[in-house]
Amino acid sequence: MTRFDGTTAIVTGGGSGIGEHTARTLATDGANVVIADVDSENGEATTAEIVDETDSDATFVDVDVTNDDDVEGMVETALEEYGGLDIAVNNAGIGSKLEPTAAVSESDWQRTIDVNLTGVWRCLRSEIDAMVEDDGGAIVNTASILGRVGTQGAPAYTASKHGVLGLTKVAALDYASEDIRVNAVCPGYIDTPMLEEAGLYEDEATVEQLRELHPQGRLGEPQEIADAIAWLCSDEASFATGEAMAIDGGYLSR
Ligand code: NAD
């Protein structure tokens with residue numbers, strides 16, 4: 001027996017980075033996984049690898065978390081394919097351009113909030129309905145260290161992640177009596193395609209500055225976040241709800 005045997009999990013943003021590692025970890029430990037991503041190439045590749053490499057099943061769904069129908073379809077897929085929903089990891093997210101608060105365009109602001117914050121709420125809404133029907137479950141939202149502190153030049157991203165933590169706490173309170181636990185992880189800077197897309201790898205000096213922000217002197221690996229998410233999803237975390245767990249090489253302890 002492995003810790004997620006017989007369970008069904010959804011992972012949004014499951015095609016890349018933290019989500020990809022989380023989907024593999026849950027599947028390796030027995031969960032059938034619905035991988036939801038707007039990037040169908042990566043999402044389908046991860047799904048095929050999980051089916052080949054683990055004893056679990058996986059299904060890809062092409063989902064934009066800003067779209068109600070997509071998100072409802074994602075939960076319906078879990079229910080139809082696997083007969084229930086036990087675990088949901090609301091992880092899909094986007095970075096934002098580095099620019100000071102007054103310089104951000106309204107469209108960039110709105111896009112970041114739509115994906116990173118409203119997207120999490122939209123997923124929670126559908127997942128919670130399914131979990132209430134199914135005697136409870138465990139949900140983990142991917143926030144950030146920037147949900148707990150600020151940084152210069154990322155106002156929309158920082159606001160969105162602070163919002164994810166507020167939402168996590170309220171959902172935890174609202175559904176504790178239904179046996180649904182809702183937690184969040186707050187990763188430090190993690191070596192995933194998101195950092196590359198944000199242009200942070202363009203010169204070694206910037207990468208070194210990022211490393212130095214973490215007392216452990218390095219960036220995190222996506223598997224280190226996946227392991228924390230999997231623990232929060234597991235029965236070992238049965239008394240944890242409303243928690244914002246930092247996995248950050250000491251960043252927030254400075
Ligand atoms: P990533 O770019 O590797 O993965 C993000 C995934 O989300 C991608 O597969 C992407 O296609 C998907 N996605 C983006 N918009 C979507 C949408 N509208 N609908 C569905 N899927 C969508 O990045 P990552 O670093 O693995 O990021 C995962 C989460 O971790 C994000 O929420 C991010 O904000 C958070 N995070 C990342 C870091 C970091 O340093 N990498 C730090 C703290 C928090």
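These questions and answers walk through a predicted model of a protein chain with a ligand.

Q: What average pLDDT does the protein chain have?
A: The model is predicted, and confidence comes first. In the chain, 100% of the residues score at least 70. The model also scores ipTM 0.99 and pTM 0.98. The average pLDDT of the protein chain is 97.

Q: In what order do the seven strands of the open sheet stand?
A: Strands of a sheet pair through backbone hydrogen bonds, either parallel or antiparallel. Here the pairing is parallel. From one strand to the next, the twist averages 20°. The order is E3-E2-E1-E4-E5-E6-E7.

Q: Which strands stand at the edges of the sheet?
A: Look for strands with a single partner strand.

Q: How many bridges join strand E1 to strand E2?
A: E1 covers residues 8–12, and E2 covers residues 32–37. The two run parallel. Alanine 9 stands opposite valine 33, and threonine 12 stands opposite alanine 36. The number of bridges joining E1 to E2 is five.

Q: How many of the six residues of E2 are buried?
A: In a regular strand the side chains alternate between the two faces of the sheet. On one side of E2 are Asn32, Val34 and Ala36, and on the other are Val33, Ile35 and Asp37. Both faces are covered. The count of buried residues in E2 is six.

Q: Which helix lies across E2 and E3?
A: The helix in question spans residues 40–53. Its direction makes an angle of about 170° with E3. The helix is H2.

Q: Which residues come nearest to the ligand?
A: There are 30 residues around the ligand. By class, this shell has 13 nonpolar, 14 polar and three charged residues. Helix H1 (17–28), helix H4 (106–133) and helix H6 each supply at least two of its residues. Those that come nearest are Gly13, Gly17, Gly93, Thr192 and Met194.

Q: Is aspartate 203 buried or exposed?
A: Aspartate 203 sits in the loop between helix H6 (193–197) and helix H7 (204–212). Aspartate 203 has 10, so it is exposed.

Q: How far apart in space are aspartate 203 and threonine 142?
A: In sequence, the two residues are 61 residues apart. The distance in space is taken from C-alpha to C-alpha. For aspartate 203 and threonine 142 that distance is 27 Å.

Q: How does aspartate 179 count, given its 15 C-beta neighbours inside 10 Å?
A: Aspartate 179 is in the loop between helix H5 (155–175) and strand E6 (180–187). Its phi is near 65°, a positive value. Being buried takes 20 or more neighbours, and being exposed takes 12 or fewer. With 15, aspartate 179 counts as partly exposed.

Notes
Residues are numbered from 1 along each chain as its sequence is written. This is a predicted model: local features need pLDDT of at least 70, side-chain atom pairs count only at pLDDT 80 or more; totals for chains, interfaces and linings use all residues. pLDDT is the predictor's confidence in each residue, from 0 to 100. Helices (H or I, at least four residues) and strands (E, at least two) are DSSP runs, numbered from the N terminus. A residue is near a molecule or strand if its C-beta atom, placed from the backbone, lies within 6 Å of it. Ala, Val, Leu, Ile, Met, Phe, Trp, Tyr, Cys and Pro count as nonpolar, Asp, Glu, Lys and Arg as charged, and the others, Gly among them, as polar. Two strands pair if DSSP finds at least two bridges between them. Axes are lines fitted to C-alpha atoms, for helices over the stretch in contact, and angles run from 0 to 180 degrees between N-to-C directions. Two residues are in contact if their C-beta atoms, placed from the backbone, lie within 7 Å.
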